[in-house]
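I open this notebook to record what I looked up in one structure. The entries follow the order in which I consulted it.

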Amino acid sequence: MIKKLLCDFHIHTTWSDGSLPLNQVVDLYGRAGFDVICVTDHISDKENINEENAAFIIPTSQCKNYLEALWNESKRAWETYQMLIIPGFEVTNNIKHYHILAIDIKEYIDASLPVDKIIESIHNQNGVAIACHPHIKDSEGNESLDLSKYLWDNHDKYVNLFDAWEIANRDDVFNVVGLKKFNYIANGDFHEERHLYSWKTLLQCEKNTEAVKKAIRDNTDVAIFLFRKSKPQLHQPG
Ligand code: ZN
Ligand code: ZN
Ligand code: ZN
């Protein structure tokens, strides 16, 4: 029986709007005992590429350097921690409201494209396409954020195109993904150190990129796991 791999497929660094540089993120996850991480900094639709948003997205001209930095870190992560790093993007469209994780990606993708074209582009690169945080509600149960609202509003259209949907993102759980019996994974959507403690995916497969992608696509030996530092303090306001 193969050991289950502890995975987080949704992580941001200072390449986009994360607060820690890539090497510190790698050390944090490596020391915490993770087996697989996918770094997924934001690339944006064309309408949102401007001076004001520059700090929150990878500049299009830097995407190649970003991917190179990931490949370099992946060597160090494997040697130091036996941790696999998979290069990714969060393809972020904040005009039409869809965020899509592109896992194991080799080239830039235009986030202005329609959802089906983005997924096609990910698949053409032999990557895995994940629908991000598709059903965000606040603690009162109201739909509070519409970052990826479009994906759930059109889930019937896209269910067979995505390889999986986030069933949990950081502290949030999207019961509708379970009720619909969609393929699922769970991720931390890491932006700062405290987000290490969040929902994660456990996969039962060999520790290499092809096996991990197959495990997500097949979605038979997937579990979700709430990774916590210590006993949670309940009933804290806010
Ligand atoms: Zn972000
Ligand atoms: Zn997002
Ligand atoms: Zn994100």
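This is a predicted model: local features need pLDDT of at least 70, side-chain atom pairs count only at pLDDT 80 or more; totals for chains, interfaces and linings use all residues.

The entries below concern metal sites, strands and aromatic rings.

**Entry 1. The zinc ion (ligand 3).** I asked which residues coordinate the zinc ion (ligand 3). I found H10 and H12, each through NE2, together with E90 through OE and D189 through OD. The distances run from 2.1 to 2.3 Å. I then looked up the angles that the four donor atoms subtend at this ion and found 80 to 165 degrees, which makes the arrangement irregular. A tetrahedral assignment would need all angles between 85 and 135 degrees. Along the sequence, I recorded the donor spacing as H-x1-H-x77-E-x98-D. H12 and E90 link distant parts of the chain, being 78 residues apart. I placed H12 in the loop between β1 (5–11) and α1 (22–31), and E90 in strand β3 (residues 84–93). I checked the exposure of both: H12 has a relative accessible area of 0% and is buried, and E90, at 1%, is buried as well.

**Entry 2. The zinc ion (ligand 2).** I found both E90 and H133 to be buried.

**Entry 3. Distances to the zinc ion (ligand 1).** I looked up how far the two ions above lie from the zinc ion (ligand 1). The separation is 4.5 Å for the zinc ion (ligand 3) and 5.9 Å for the zinc ion (ligand 2).

**Entry 4. Strand β4.** I asked how many of the six residues of strand β4 (residues 98–103) are buried. The count is six of six, so the strand is largely enclosed by the rest of the structure. Y98, I100 and A102 point one way from β4, while H99, L101 and I103 point the other way. I examined the neighbouring pairings as well. Strands β3 and β4 run antiparallel and are joined by six bridges, with L101 of β4 as the bridge partner of E90. These two strands form a hairpin with four residues between them, and H97 in the turn has a positive phi of about 70 degrees. β4 also runs antiparallel to β5, with four bridges between them; the partner of I100 in β5 is A131.

**Entry 5. Aromatic rings.** I found 14 aromatic pairs in the structure. The rings of W15 and Y66 have centres 5.7 Å apart and planes at 70 degrees, so this pair is edge-to-face. W15 belongs to the loop between β1 and α1 and Y66 to helix α2 (residues 63–81), 51 residues apart. W15 counts as partly exposed at 23% relative accessibility, whereas Y66 counts as buried at 0%. Y29 and F190 also form an edge-to-face pair, with 5.5 Å centre to centre and 65 degrees between the planes. Y29 lies in helix α1 and F190 in the loop between β8 (184–187) and β9 (199–203), so the pair ties together parts 161 residues apart in sequence. Both Y29 and F190 are buried. Lastly, I recorded a cluster in which ring pairs link Y98, Y150, W152, Y158, F162, W165 and F182.

Definitions and conventions: Residues are numbered from 1 along each chain as its sequence is written. Chains are lettered from A and ligands numbered from 1 in the order in which they are written. Side-chain values use heavy atoms; hydrogens and water are left out. Donors are N, O and S atoms within 2.8 Å of the metal (3.2 Å for Na, K and Ca); water is not among the atoms, so sites may look incomplete. Four donors count as tetrahedral if all angles lie between 85 and 135 degrees; four count as square planar and six as octahedral if opposite donors are over 155 degrees apart and all others between 65 and 115; anything else is irregular. Buried means under 20% relative accessible area, exposed over 50%, partly exposed in between (1.4 Å probe, protein chains only). Rings of Phe, Tyr and Trp (its six-membered ring) pair if their centres lie within 6.5 Å; planes under 30 degrees apart count as stacked, over 60 as edge-to-face and the rest as tilted. Two strands pair if DSSP finds at least two bridges between them.
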